[in-house]
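Take a look at the model below.

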Amino acid sequence: MDSTKRCSVIIVGAGVSGISAAKELSENGVDDLVILEASDRIGGRIRMENFGGVSVELGAGWIAGVGGKISNPVWELANQSGLRTLFSDYSNARYNIFDRCGKIFPSGLAADSYKKAVESAIHRLRNEAANVDEPATTPKTPIELAIDFILHDFEMAEVQPISTYTDYGEREFMVADERGYEYLLYKMAETFLLTSEGKILDNRLKLNKVVREIQQIRDGVSVTTEDGCIYEGNYLILSVSIGVLQSNLISFQPVLPRWKTKAIEKCDVMVYTKIFLKFPYKFWPCGPGKEFFIYAHERRGYYTFWQHMENAFPGCNILVVTLTNGESKRVEAQSDCETLKEAMQVLRNMFGPGIPDASDILVPRWWNNRFQRGSYSNYPIPMINNQVVHDIKAPVGRIFFTGEHTSERFSGYVHGGYLSGIDTVKALLEEMKIENKRSSESQTFLLEPLLALTSSLTSTQTETVPTLHKYELLRQIFLRSNLGLPEAIL
Ligand SMILES: Cc1cc2nc3c(=O)[nH]c(=O)nc-3n(C[C@H](O)[C@H](O)[C@H](O)COP(=O)(O)OP(=O)(O)OC[C@H]3O[C@@H](n4cnc5c(N)ncnc54)[C@H](O)[C@@H]3O)c2cc1C
């Protein structure tokens, strides 16, 4: 059992929201905090791995929302840290749609199908928002299915105004930096945790601590981790993902109220998987407008969206294919060998039988990772800004909730996580202020009769007992009674 003394705030999770919350607390003078992180690293869903000689991003890869009137705070952090990024131009992807025989759909047909799909999606959303139950046209042909996948699983901005784009701008920049996107988190951590040569040495950050129980005790919170350690704090900030909240990894004593669990259940979890394939040489078209390409198949989302990484890392010979939801879960459940076979078949359909086999494959498993259980929250559009997000975010007793899923405007994004950490701490600091005021009022209330008592005690003391100052006497009464010292007599 860990004998850590009670701290002010326990933060569960060291993803971007947990780290930004800790930094904000520290900047506001709350330094006695403990961060409990289940895995062996900080970053959470921002995760870089070395693959095929370069640094690839398994989780968040883009800074979305750049170029608008307001500056995206994550873009600012990236600039301050000198993170290497590249503009991603998706606009040409629709002109690189391959059929199963390797032919590219004519640009007129692709543009027309795209326009129709956008109109139909807007129509469908308006009906949903207005609660009109009108049958929508469903995509049927491979090209319609491919475009539907791109629109709904990637480019919702074309269908519905999304706060990220309306507030911060419509451009997206891909992180292509050897140090990884996670370098931003280390830079943040560096400002308030003890670090040396890129390593965090501060013992307020505790890695490999899987929180299994959160108990609300009198005037505080007690946390039990999988290895049997117990941590106590006055407050707790819970930054685990919505998928983890929906799972039974963490139990609460007392159980969370019904309004809270109902809201948690209502939020959809999106699974988004980037599969990386390394080749001995490149066989795909490069050059302007060719970075993204699409495979049209009769099964929606079947190895649909492809990107080559030549722009990011010239000569790396890496392709990335993105799967989502059902396809992600299916692929996570099978061996990487199976997945490699499927991906190679798709590539041979597009580029012919003569292409070389991939020499390596990397398949992240966000759904089966018990510390993630998915990639990001996905609120059905009409639900954004309504009671559900509000309830997911609302504190329960001394437990404060944070993370991208608690962001009303930017859920699903790194900047949503970053801003939510700051937002949650603002609410917590307010609560701390109220509590301090409440407790100093009750201490004064307690203190007055005690002061009267000590005055009478000191006035009746005999010569042989050294006279104690009345505050010293009070100090001793409190120490012996284990009540803790009220601020007024510290
Ligand atoms: C594949 C993928 C692609 C993405 N692409 C983008 C993108 O391009 N751009 C973008 O802006 N966003 C993207 N996102 C979303 C973005 O990564 C997240 O919104 C953001 O990183 C979430 O941060 P967070 O702090 O809310 O949660 P997390 O990063 O999940 O942090 C929570 C932390 O809690 C820890 N934890 C969980 N359970 C416990 C426990 N029981 N005890 C202790 N610790 C626990 C976890 O290990 C984790 O470190 C992507 C995400 C994924 C997965």
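The residues of the shell around the ligand split into 21 nonpolar, 16 polar and four charged. Here Ala, Val, Leu, Ile, Met, Phe, Trp, Tyr, Cys and Pro count as nonpolar, Asp, Glu, Lys and Arg as charged, and the others, Gly among them, as polar. This is a predicted model: local features need pLDDT of at least 70, side-chain atom pairs count only at pLDDT 80 or more, and totals for chains, interfaces and linings use all residues. Residues are numbered from 1 along each chain as its sequence is written.

Which residues are the closest to the ligand? They are Gly 13, Gly 15, Ser 17, Gly 44 and Gly 417, out of 41 residues that surround the ligand. Helices (H or I, at least four residues) and strands (E, at least two) are DSSP runs, numbered from the N terminus.

Where does the ligand shell lie? Domain 1 (7-47 + 182-267 + 372-434) and domain 2 (48-178 + 272-362) both give residues to the shell, so it lies between them. The domain bounds come from an automatic or database domain assignment.

Now turn to the core. In soluble globular proteins, nonpolar side chains tend to be buried together. The largest nonpolar core of this model has 112 residues. Ile 10, Ile 11, Ala 146, Leu 236 and Ile 294 touch the most other members. Helix α4 (residues 142-153) gives the most to this core, with seven residues. Domain 1 and domain 2 both give residues to the core, so it lies between them. A nonpolar core is a set of buried Ala, Val, Leu, Ile, Met, Phe, Trp, Tyr and Cys residues joined through C-beta atoms within 7 Å. A residue is buried if 20 or more other C-beta atoms lie within 10 Å of its own, exposed if 12 or fewer, and partly exposed in between, with C-beta atoms placed from the backbone.

Next come the sheets. Two strands pair if DSSP finds at least two bridges between them. Four bridges join β5 to β8 (residues 171-175). Trp 62 has Met 174 of β8 as its bridge partner, and Ala 64 has Glu 172. On the other pairing, three bridges join β6 to β8. There, Leu 86 stands opposite Met 174. Strand β8 is mostly covered, with four of its five residues buried.

A second open sheet has six strands in the order β7-β18-β19-β20-β17-β21, and its pairing is mixed. Its edge strands are β7 (97-98) and β21 (360-362). Strands β19 (residues 305-308) and β20 (residues 318-324) run antiparallel, joined by four bridges. Trp 306 has Val 321 as its bridge partner in β20.

Finally, check the loops. Tyr 303 is in the loop between β18 (292-295) and β19. Its phi is near 45°, a positive value in a residue other than glycine. Asn 317 sits in the loop between β19 and β20, with a positive phi near 55°. Is Asn 317 buried or exposed? Asn 317 is buried, with 23 other C-beta atoms within 10 Å. Elsewhere, the peptide bond from Gln 253 to Pro 254 is cis, with omega near -10°.

Definitions and conventions
Near = placed C-beta within 6 Å.
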